Each structure stands twice: as C-alpha cells, then as structure tokens.
Amino acid sequence: SQDAAGEAKASTLRRLREEGVGTMSIERILPTREAFSGVDCAWLRLDTPSNSMTITGIMWFEEGISFEDFRQGIRERWVPFRRFRQRVVRPGGFARPHWELVEDFDIDDHVKRLPLGPGQDLNSAVAKLVNGSLDYSRPLWDMHVVEGMERGNAVITRIHHSLADGFSLVTLMLSLVDEAWYGAERGEEEAPEELSALTERR
C-alpha cells in the first residue's frame with residue numbers, strides 16, 4: 001500500500017541519516033513526486049470553502065523586524081525542506097493526491113509585505129487573510145510581514161494542515177528563533193530531528 005511505501009521510505013531515510021548522510025544530500029535522491037499519506041489526504045478532502053483546513057498563526061515583534069532579514073531566514077530555515085517547495089496535484093476521482101516539487105519555486109510568492117492602510121490594524125489584516133484561500137497552484141503556505149503598526153510589526157503565517165501537523169508545526173515555528181535552531185552549529189546539511197518529520201512522515 002502507499003502507507004507501507006511511506007514507512008519504507010522513512011526507514012531508508014533514517015538509515016541514511018545514521019550513516020551520516022545530510023538532509024539536503026538525501027533530498028537530491030528523492031523523487032519529485034510523493035503520494036499523500038492517508039491522514040494528509042483526509043485533511044485535504046476536508047478542506048472546503050466553509051470548512052477551511054488552513055492554520056493561521058500570528059507572531060508579534062515588539063521591536064520590529066526587517067522584512068529582508070525575515071525573508072532570508074525563511075529561505076535558510078524553511079525552504080530547504082522539500083514539503084515547502086511542493087504543490088498539491090489532485091488527479092480527480094478516487095485517486096490519491098500527490099506532492100509535486102515546484103521547479104520554479106520563488107520565495108517571493110510566499111513571503112510578502114503587508115502594509116497597513118489608513119484605518120487598518122492587525123485585526124483587520126488577519127481577518128482579510130483568514131477569509132482568503134491559499135493558492136493550490138503553489139505550495140500551500142504563505143507569510144505576510146505586517147508593516148505600519150504603531151509599535152513593532154507582526155508576521156501572519158498560513159499553512160495548510162496537510163503540510164504540517166501540530167507538533168511539527170510548533171517545532172517549525174520555533175526554528176525561526178535563533179536559540180531554538182538546533183542545527184545552527186551543525187551546518188546547513190543538518191536539521192533538527194523533529195523537523196525531519198516533514199520529509200519522512202509525508
């Protein structure tokens with residue numbers, strides 16, 4: 001079955017890591033397409049206009065952050081994980097969807113500025129994004145750096161539930177904090193074991 005194949009792949013990836021093969025090196029030998037797991041397929045099929053499966057999170061920075069620095073941090077810490085460069089392909093009927101690597105991935109499609117206009121505040125910015133939908137022609141996530149707040153700024157993150165579950169998503173968000181980036185001293189070839197779930201489990 002497809003779930004059994006996924007378990008076999010995860011076992012192979014764990015063995016390669018035990019042999020000292022880095023995360024980015026492993027990715028080069030992986031196929032450009034991956035079948036959805038049963039759980040992720042369920043999350044995708046539950047997603048409707050009236051029942052969104054998009055997780056929305058807000059990070060507020062009292063001192064404010066540079067948009068350029070934040071985008072670079074995402075480029076270094078999120079983009080190496082292939083799931084954030086894969087889009088959903090739905091064959092139709094009862095066939096399972098699959099993940100497909102986006103060859104022309106552009107981080108500017110996902111990390112954007114969101115300047116507040118006259119009379120707008122963070123609440124109105126969040127409301128607008130929550131009521132919107134993610135673009136299925138691209139990987140199902142985006143981040144908006146809110147600018148023009150009275151104090152500091154904020155980042156609104158939207159991620160589809162089929163892309164990351166609760167535990168891996170919390171760990172992923174913590175990876176944006178320097179003190180929590182466990183792989184900082186191990187170089188870009190390595191990544192936190194918790195985050196490897198994004199390449200192994202799915």
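In this predicted model, Arg 151 and Glu 62 are joined through their side chains by a salt bridge (3.7 Å, N to O), a term used for a side-chain nitrogen of Lys or Arg within 4 Å of a carboxyl oxygen of Asp or Glu. The pair links distant parts of the chain, 89 residues apart: Arg 151 is in the loop between strand E6 (141-147) and E7, and Glu 62 is in the loop between strand E2 (54-61) and helix H4 (67-77). Glu 62 has a relative accessible area of 49% and is partly exposed; buried means under 20% relative accessible area, exposed over 50%, and partly exposed in between (1.4 Å probe, protein chains only).

A salt bridge also connects Arg 113 with Glu 68, with 2.6 Å between the closest N and O atoms. Because Arg 113 belongs to strand E5 (residues 111-115) and Glu 68 to helix H4, this pair ties together parts that are 45 residues apart in sequence. Arg 113 is partly exposed at 39% relative accessibility, and Glu 68 is partly exposed at 40%.

In the salt bridge between Arg 138 and Asp 109, the closest N and O atoms are 3.7 Å apart. Arg 138 is found in the loop between helix H5 (122-130) and E6, and Asp 109 in the loop between strand E4 (98-101) and E5, so parts 29 residues apart in sequence are tied together. Both residues are partly exposed, Arg 138 at 32% relative accessibility and Asp 109 at 26%. The structure holds ten salt bridges.

Ser 162 lies in the loop between strand E7 (153-160) and helix H6 (166-174). With a relative accessibility of 0%, Ser 162 is buried. Its side chain makes a polar contact with the side chain of His 160 (2.9 Å).

The chain contains seven helices and seven strands, where helices (H or I, at least four residues) and strands (E, at least two) are DSSP runs, numbered from the N terminus. Of the 202 residues in the chain, 42% are buried.

Residues are numbered from 1 along each chain as its sequence is written. As the model is predicted, local features need pLDDT of at least 70 and side-chain atom pairs count only at pLDDT 80 or more, while totals for chains, interfaces and linings use all residues; side-chain values use heavy atoms, with hydrogens and water left out.

How values were computed: A polar contact is a pair of N or O atoms within 3.5 Å; within protein, one must be able to donate a hydrogen and the other to accept it, and residues adjacent in sequence count only if both atoms are side-chain atoms.
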